[in-house]
Amino acid sequence: MRLVVGYLATSGGADALALGVRFARTLGAELDLCMVLPPDRVAPSIKPVGDFEKHLVAQAEEWLAAAAATVPDDIVVRTHVRSEDSSAGGLIEEAARVEADMIVVGGSGGGLVRGYSLGSVVNGLLHSAPVPVAVAPRRGRNSTVDRIRQVTCAIGEREGSDALLGNAVQLSRAADTPLRLASLVALDPTFGTLRGDSEAVRERALAHARHVQESATAELPEGFPVTSTIVDGATVEEAVGKLDWQDGDLIMVGSSRLSAPRRLFLGSKAAKMLRVLDVPMVVVPRDQLSPEDLP
């Protein structure tokens, strides 16, 4: 397994690297640290002298080397510098080149959303990547947990839920860590005809929770820890806030139904979850990617 970490010499880059290391140690994965240099962007700390492009690449390589030096010796790490007009596009192309299973980025960037502060690069990835994207919360670099503790899969009944459940099962099995399935059915406005009957809504949600737990259990070794629950509340934020979260947990969500096949699109529920959660979020494309679909 290989993970591409979108790196910048910033606090957000440090958050991404810390999460990448946690994934790598848990999954036995290798890290590819990648810095994308848009041709028209000049880093404030760099003074153009001589061949500017060579100078810029040299500085990027220096930053990457310093970051790689902090990665524990038991984890394989490589560094790459790309020059692309689109930073998000550059990370996607790098992921395709090395056949990465996931892209890991830091949430620090634009407007503040509690633990996350998504910038244009992260937003671009969350609306176009063909592989799962893991977003590290702000200050994730300060965590003392070096492995994934529990995987929570927030799942509904819409298109793409099978791919999400399959990815969650695969990740939990590879990480040998408990899987918690959280049914979102009670929050789905599609079932508005039931909204006037809270008991009917709850029964439907419980039935869905049992179904996905049975499906996951059938794909995992006997005795593997799988639990299911339902999340309900006046808002998505209130609902997920009711769940117990600990350092080392992560949440997996599916791409919006608005996404193109085999591409991400961050849905409204996932975006709202970012406002209240301080754990990493993994967003999964609604269709599985095959090698011929890579850029």
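Start with the aromatic rings: the structure holds zero aromatic pairs, a pair being rings of Phe, Tyr and Trp (its six-membered ring) with centres within 6.5 Å. This is a predicted model, where local features need pLDDT of at least 70, side-chain atom pairs count only at pLDDT 80 or more, and totals for chains, interfaces and linings use all residues. Residues are numbered from 1 along each chain as its sequence is written, and side-chain values use heavy atoms, leaving out hydrogens and water.

Now select Trp 245 and Arg 180: the charged end of Arg 180 sits over the Trp 245 ring, 4.8 Å from its centre (CZ of Arg or NZ of Lys within 6 Å of the ring centre and within 35 degrees of the ring normal).

Next, pick Arg 25 and Asp 74, whose side chains form a salt bridge at 2.9 Å, N to O (a side-chain nitrogen of Lys or Arg within 4 Å of a carboxyl oxygen of Asp or Glu). The two are 49 residues apart, with Arg 25 in helix 1 and Asp 74 in the loop between helix 2 (52-68) and strand 3 (77-82); helices (H or I, at least four residues) and strands (E, at least two) are DSSP runs, numbered from the N terminus.

Move on to helix 3 (residues 87-97), which holds both Arg 97 and Glu 94, three residues apart. Their salt bridge has its closest N and O atoms 2.7 Å apart.

Finish at Thr 26 in helix 1 (residues 11-27), where a polar side-chain atom lies 2.9 Å from the backbone nitrogen of Ile 148.

Terms used: Polar contact = N/O pair within 3.5 Å; in protein donor to acceptor, adjacent residues only side chain to side chain. Phe/Tyr/Trp six-rings, centres within 6.5 Å; stacked < 30°, edge-to-face > 60°.
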